[in-house]
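Look at the rings as you read.

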Amino acid sequence: MKVLDCTLRDGGYYTGWNFSKNLFENYLKTVSKLNISIVELGYLSDAKDKNGLFYHLNKEILKKAKSLIRKDQKIYAMVNFKEIKNVGQLDKLLSDKKNILDGIRFAIPPSKIKNLSKMVDKLSSKYKKMSFNVNLMYLSRWIEDNKMLKDIFKNVSKNVNILSFVDSYGALMPDQIKKFLIKVKNQNSDEIKIGTHFHNNCGLALANSLVAYNSGSNVIDTTFTGMGRGAGNAETELLLANLSSENKKISGFELSNLLEIFYDMNKKLN
């Protein structure tokens with residue numbers, strides 16, 4: 001199982017995707033000492049808005065990030081699929097990051113899986129070193145829809161590496177997650193890795209993440225202190241603590257110091 005930390009991407013909703021250089025560097029230096037496999041640093045976007053650097057990641061910030069993490073850790077970015085009008089636009093967003101960015105993820109409703117797959121198929125040969133991944137939103141709306149699940153696996157591109165399921169409204173219970181992931185396993189031929197992303201509206205994001213871990217989720221999304229849009233996410237530090245048998249111990253106070261920064265930010269942003 002791999003932990004994907006998306007603190008700066010999902011936490012950016014509170015800061016307009018502006019984070020200081022010191023926080024950015026402290027965050028990645030701490031991550032480099034933890035059992036975290038993937039860092040989703042922010043968004044790729046050509047939208048004309050007032051969002052900060054971490055919504056409009058460039059190759060310079062990606063290079064800096066790569067220099068601060070371990071060689072076995074990956075840097076991902078999110079693409080908001082509703083901003084993408086055609087494959088040419090997506091190609092332009094990716095072109096100068098071809099040899100820096102390890103992967104991208106697309107946040108989409110299940111109804112868009114076929115449209116996205118066509119774009120992925122057109123670009124995958126050009127970006128062979130880049131992992132293409134999908135976050136399927138609104139899981140609580142369609143978790144009982146078996147036809148929907150079949151259609152997803154029927155239409156998802158073979159060039160998609162990780163297919164993640166997002167409890168967008170934080171409405172699902174652990175038993176529902178367990179049953180759903182059994183159905184996913186029966187549909188999936190193991191060619192695609194399965195991921196999960198839980199929101200904390202009912203205080204169950206961490207519990208659902210642990211159930212997902214025990215039910216075969218290959219990748220689990222978390223953020224430090226649960227920082228994220230709306231009610232937030234499962235807490236990176238708590239998931240790592242619950243999986244402590246798989247983690248190396250951290251010497252010094254790097255993790256505590258980083259958490260203090262986010263706790264202070266939480267107070268200021270309310």
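Trp17 and Tyr43 are both buried (under 20% relative accessible area; exposed is over 50%, partly exposed in between; 1.4 Å probe, protein chains only). This is a predicted model: local features need pLDDT of at least 70, side-chain atom pairs count only at pLDDT 80 or more, and totals for chains, interfaces and linings use all residues. Residues are numbered from 1 along each chain as its sequence is written, and side-chain values use heavy atoms, without hydrogens and water.

Tyr138 and Tyr169 also form an aromatic pair. Rings of Phe, Tyr and Trp (its six-membered ring) pair if their centres lie within 6.5 Å; planes under 30 degrees apart count as stacked, over 60 as edge-to-face and the rest as tilted.

| Pair | Centre to centre | Angle between planes | Type |
|---|---|---|---|
| Trp17 and Tyr43 | 5.9 Å | 85° | edge-to-face |
| Tyr138 and Tyr169 | 5.9 Å | 25° | stacked |

Tyr138 is partly exposed at 25% relative accessibility. Tyr169 is partly exposed too, at 36%. Tyr13, Trp17, Tyr43 and Tyr55 form one aromatic cluster.

Arg141 lies over the face of Tyr138, 4.7 Å from the ring centre. The charged end of Lys98 sits over the ring of Tyr127, at 5.9 Å from its centre. Such a charge has NZ of Lys or CZ of Arg within 6 Å of the ring centre and within 35 degrees of the ring normal.
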